[in-house]
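Work through the two exercises below with the sequence and the 3D view at hand, and try each task before reading its solution.

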Amino acid sequence: MSELTELDRKVLWHPFTQMAEWSPLVITRGEGSFLIDEFGQRYLDGVSSLWCNVHGHCRPELDQALAAQAAKLAHSTFLGLTHEPGIRLAAALIALAPRGLSRVFYSDSGSTAVEIALKQSFQYWQLRKRPAKQRFLRLGDAYHGDTLGAVGVGGIDLFHRVFGPLLVQSIAIPSPAGTDGSVSLARIEAELEQRAYEIAALVVEPLVQGAAGMLLHPRGFLAKAAELCRRFGVHLIVDEVATGFGRTGTMFACDQEDVSPDFLCLAKGIAAGYLPLAATLSTEEIYSAFLGQRAELKHFFHGHTFTANPLACAVGLASLELLCRETLPNAQARLPELTMALGRIRGLRGVREVRQCGLMAGIELEPIEGRALGVEVCERVRAHHVILRNLGDVVVWMPPLSIATADVHLLERATTAAILETLQ
Ligand SMILES: Cc1ncc(COP(=O)(O)O)c(C=O)c1O
């Protein structure tokens, strides 16, 4: 054990980690698609540092944007003041986002991006004199983050059940994953017919429910759900925290179904995985409901110390430019290679199903009673110089969008070897 590992064990408490059974791996550097540990060992970052790295680590263009901004201003509040990186990034996001989204409210994580959409939707209906509209529809197995509002519209029992008594209660619609979507759509329609008067919004992850295990929605579900929301006067909140910024092969997942939501929640890739940043985009109709005289107290009473941190916004701006110019085309070129690799993995003994949406994929293993196969595969794959994380029996692939062809091959070789070793 190194001195750092020992100290970590003494002083730290890690997220989503059973500390009693964990052995730390200390990462000291990043280089392109690779992470490097304290002993100089290189690992392919197969989950993009929890789904947020876009262009690889230590990209000169982003490092320069960060250094240039740090030399000018590291932080100043967005409460009552403003700054150039925050303004320019908002304009760039609006230019790329689905049409109709025209206002950006910053925060610093995916969870807060969702909390803000929930609170803005709720307050919008209060301001528009529809005070009964206080409830939210959400999908089964949904994941929208770990703060209490986001957990209230989540549906992953393993993470959420213990907090039940603390939560805003939401109405669950069966997830359309693995179905043709008709049952879920009929349930949404029935709920809206009966009680749209008390429903503020429907919250969805578009195309794929990531944290639930890369569960794929049938094509057309998002567009039809959007149409129902529109018909019954209920907001659509689309959580693109995981899917945004090219992850599904297009800039936003919404683009694939030509959907313009009332709220778009963005985080993770927004600042390329360099710094914490998030944005909740909304429409002019929503924004205008909050306008009035100061004394009317219509404004949105929400903000964080680091809202719109200038360093994060400067990196975000440089990241968008790089994404459009180079990284999204690279991701689109790697897509068929990834699909072929996953096709071969699908044929391995012990693999139950492979699900892919752009550069997000889940490899589901046949469960074996008494064994945590996902954990075992992710532990073994490190010996093959790749870092992966599992969601139960699902091994996740979520490489940086800048991944090279040779590294797609490494990802496939290492995952195949780890699965074979685990199941031998
Ligand atoms: C769809 C979705 N929403 C929200 C979140 C929460 O984001 P954060 O961890 O930045 O709070 C996640 C995280 O994985 C996510 O996948």
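**Exercise 1.** Sort the residues that line the second largest pocket by class, and find which element gives the most to that lining.

Solution. The lining divides into 14 nonpolar, 9 polar and 3 charged residues, where Ala, Val, Leu, Ile, Met, Phe, Trp, Tyr, Cys and Pro count as nonpolar, Asp, Glu, Lys and Arg as charged, and the others, Gly among them, as polar. The model is predicted, with local features needing pLDDT of at least 70 and side-chain atom pairs pLDDT 80 or more, while totals for chains, interfaces and linings use all residues. Residues are numbered from 1 along each chain as its sequence is written, and side-chain values use heavy atoms, leaving out hydrogens and water.

Next, locate the centre of this pocket, to which Phe105, Gln120, Tyr287, His299 and Phe300 lie nearest among the 26 lining residues. Helix 4 (84-96), strand 4 (101-107) and helix 10 (284-289) each give two or more residues to the lining, and strand 4 gives the most, with 5 residues.

**Exercise 2.** Describe how helix 12 packs against helix 13, and name the residues that meet.

Solution. Begin with the axes: helix 12 (residues 373-380) and helix 13 (residues 405-423) pack at an angle of about 125 degrees, with their axes 8 Å apart. Helix 12 is therefore oblique to helix 13.

Then turn to the residues: Leu373, Glu376, Val377 and Arg380 in helix 12 meet Ala418, Ile419, Glu421, Thr422 and Leu423 in helix 13, contact meaning heavy atoms within 4.5 Å. By class, this contact has 5 nonpolar, 1 polar and 3 charged residues.

Key
Axes are lines fitted to C-alpha atoms, for helices over the stretch in contact, and angles run from 0 to 180 degrees between N-to-C directions. Helices (H or I, at least four residues) and strands (E, at least two) are DSSP runs, numbered from the N terminus. Angles under 35 degrees count as roughly parallel, over 145 as roughly antiparallel, 65 to 115 as roughly perpendicular and the rest as oblique. On a 1 Å grid over the protein atoms alone, a cavity is a set of points where a 1.4 Å probe fits but cannot get out, and a pocket is an open set with protein on both sides within 12 Å along at least five of seven lines; lining residues have an atom within 4 Å of a point.
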